[in-house]
Amino acid sequence: MTKQIRIALRNCGVIDPERIEDYIAREGYQALGKVLTELTPDETIEKLKKSGLRGRGGGGFPTGLKWEITRKVAADQKYVVCNADEGDPGAFMDRSVLEGDPHSVIEAMAINGYCTGANHGLVYIRAEYPLAIERLIIAIKQAKEAGLLGKNILGTGYDFDIEIRYGAGAFVCGEETALINSMEGLRGEPTVKPPFPSESGYMGKPTNVNNVETYANIPVIINKGEEWFARIGTKKSKGTKVFALAGKINNVGLIEVPMGTTLRQVIYEIGGGIVNGKEFKAVQTGGPSGGCLTSKHLDVPIDYDNLIAAGSMMGSGGMIVMDQDDCMVAIAKFYLDFTVEESCGKCSPCRIGNKRLYELLDKIIQGNGTPEDIDKLRNLGSVIKDTSLCGLGQSSPNPVLSTIENFHEEYVEHVTAKKCRSGVCKSLMIYFIDIEKCIGCTLCARNCPVNAITGERKQAHYIDTDKCIKCGACMEKCKFNAVFIN
Amino acid sequence: MEDLKRLGDELKEKAEILSQKDHPRSIIQVRVAMATCGIASGARLVFEFMKEELEKRSIPARVTQTGCMTYCYAEPTVEIILPGKEPVMFGFVTVKKADEIIEKFIRKGELVDGVIPVTYETIESYSAEIN
């Protein structure tokens with residue numbers, strides 16, 4: 001049996017998030033105390049570097065290195081930011097951490113401030129998370145009252161304060177430069193890197209941005225030691241990762257597994273297999289920026305590098321499981337629809353390119369696609385990836401490219417045979433009545449919302465395919481299985 | 001810093017006493033998962049019910065809210081720790097189910113349907129394993 005290890009989720013579901021005592025009873029704020037009284041900022045950063053912790057928001061940038069870069073930039077004012085703008089459809093690990101264990105994030109931000117030389121922290125959280133915000137506000141208040149936040153923390157002379165900034169829920173604002181713009185009251189648009197936020201971020205000052213889950217790991221690394229942490233995981237990806245399992249899987253929920261766990265273990269052992277015992281088809285990782293992995297990837301150990309090599313990415317950790325009833329072309333269109341909606345419009349490859357990708361997919365789904373369209377999708381997709389300004393555009397064609405790569409035959413079927421094997425793309429389906437089976441009970445005709453079915457009582461009926469809207473009502477009502485799809 | 005350490009140890013001890021067998025201050029602990037998703041599936045009703053009914057039925061217990069217990073498919077989820085026993089996690093807990101849990105599991109120690117097998121390692125259990 002594959003073991004989960006709860007590190008980032010260590011207190012979720014255990015403590016009362018609105019009671020700081022519960023957190024302190026479980027080694028809470030001991031890491032902050034240790035760092036402030038026993039370690040220098042450089043020593044702390046060294047520990048993080050040795051632990052091998054990488055950013056859990058998706059990019060996988062080494063956290064210790066990020067802190068070091070921010071530390072080295074000389075400035076009169078620096079900022080520490082927590083990115084809680086969780087935007088991937090189907091991902092909710094950051095919300096769970098903030099709702100279940102807000103103090104772990106506060107503690108880690110204070111450690112971050114001490115290491116980088118910042119005394120001001122900002123949490124950028126989407127206003128769609130009211131309960132997480134409420135609990136975070138309570139936690140900040142309690143930490144201040146306990147002298148663990150504010151002026152002269154634990155009598156060490158170190159000051160650190162945290163304020164909350166609300167996001168309006170734009171996907172692109174999870175990108176750190178767009179996030180900073182949004183916090184400054186500007187449009188949530190990314191800017192060209194470099195300069196990186198660690199050099200010039202919020203208000204033009206060095207700013208260290210980390211994700212919620214990254215922060216949640218940090219107190220444990222300090223308390224348990226970097227070697228302890230680095231023993232978990234693979235060579236280049238240390239520790240654990242929280243995934244949100246969703247889709248056609250029995251045990252929908254959050255899981256936290258060591259890096260290097262395989263998809264098979266996640267889906268069949270922890271996830272309890274596919275709903276109704278159907279066949280596994282693909283799993284979408286990394287949300288709209290990720291790609292689809294298939295049965296041939298079931299035994300790949302999941303870590304940052306392997307997922308990229310397989311044409312997907314870690315992303316924030318959403319895992320949407322699909323079975324034989326899901327059409328991969330329609331899935332690609334679904335994600336593109338999301339990115340087209342969420343593109344900020346600043347750079348043309350993303351703004352115009354993704355729209356064109358979407359139109360090509362729609363054309364295929366409507367039954368008007370040609371084999372050349374598949375090549376066009378590929379070419380355009382790679383151009384968008386290469387030329388977009390920020391992470392959103394650079395990764396938005398991934399769902400299209402990876403489904404073409406892994407399910408090429410389904411695309412070909414859609415454009416040549418005009419067939420959707422999963423029965424999802426309605427335009428490609430034609431309903432017929434088997435005249436051998438039809439006894440002329442008229443039930444289908446009476447239930448057809450558009451009167452597309454004609455026929456005399458006790459005689460075989462016919463469907464007018466021009467009128468038919470493919471709602472499937474006839475098929476559902478027929479007691480003799482006489483209605484079928486081509 | 002010393003104060004913080006001491007406070008941590010004290011609170012830890014206090015928390016541990018709650019679940020010890022035969023300790024004069026040990027008590028039945030009921031934890032209700034109350035993240036957004038749990039509340040949406042009715043956890044608040046279960047929480048209120050547990051709190052009120054345990055008191056009405058004169059069963060001394062500490063009912064607390066927690067964050068997400070991660071079993072989305074089985075919300076609302078409730079964890080119960082009887083002193084001296086391993087925690088038991090229940091899924092699909094409606095008010096009716098909560099009543100059954102109080103009468104059968106909490107009062108008599110009989111298991112009722114809906115137990116979720118908990119299979120993860122904690123930081124402590126993992127550390128013990130590797131040493």
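Student: At what angle do the axes of helix α6 (residues 102-116) and helix α9 (residues 212-224) of chain A cross?

Tutor: They cross at roughly 75 degrees, and the two axes come within 8 Å. Axes here are lines fitted to C-alpha atoms, for helices over the stretch in contact, with angles from 0 to 180 degrees between N-to-C directions. Bear in mind that this is a predicted model, where local features need pLDDT of at least 70, side-chain atom pairs count only at pLDDT 80 or more, and totals for chains, interfaces and linings use all residues. Residues are numbered from 1 along each chain as its sequence is written, and chains are lettered from A and ligands numbered from 1 in the order in which they are written.

Student: Why are α6(A) and α9(A) called roughly perpendicular?

Tutor: Angles of 65 to 115 degrees count as roughly perpendicular, under 35 as roughly parallel, over 145 as roughly antiparallel and the rest as oblique. The crossing angle is roughly 75 degrees, and therefore α6(A) and α9(A) are roughly perpendicular to each other.

Student: Which residues of α6(A) and α9(A) meet?

Tutor: Among them are A:V105 and A:I111 in α6(A), and A:Y215 and A:I222 in α9(A). Two residues are in contact if their C-beta atoms, placed from the backbone, lie within 7 Å.

Student: What makes up the contact of α6(A) with α9(A), by class?

Tutor: It has 10 nonpolar, 1 polar and 1 charged residues. Ala, Val, Leu, Ile, Met, Phe, Trp, Tyr, Cys and Pro count as nonpolar, Asp, Glu, Lys and Arg as charged, and the others, Gly among them, as polar.

Student: How many helices and strands are there in chain A?

Tutor: Chain A has 20 helices and 15 strands. Both are DSSP runs numbered from the N terminus: helices are H or I with at least four residues, strands E with at least two.

Student: How many residues of chain B are in contact with chain A?

Tutor: 30 residues of chain B are in contact with 39 residues of chain A. On that side of chain B, α1(B) gives the most, with 8 residues. By class, this side has 16 nonpolar, 10 polar and 4 charged residues.

Student: What joins strand β1 (residues 4-5) of chain A to β5(B)?

Tutor: 2 bridges do, and the strands run parallel. Strands pair if DSSP finds at least two bridges between them, and with 2 bridges β1 of chain A and β5(B) reach that count. Here A:I5 stands opposite B:E121 in β5(B).
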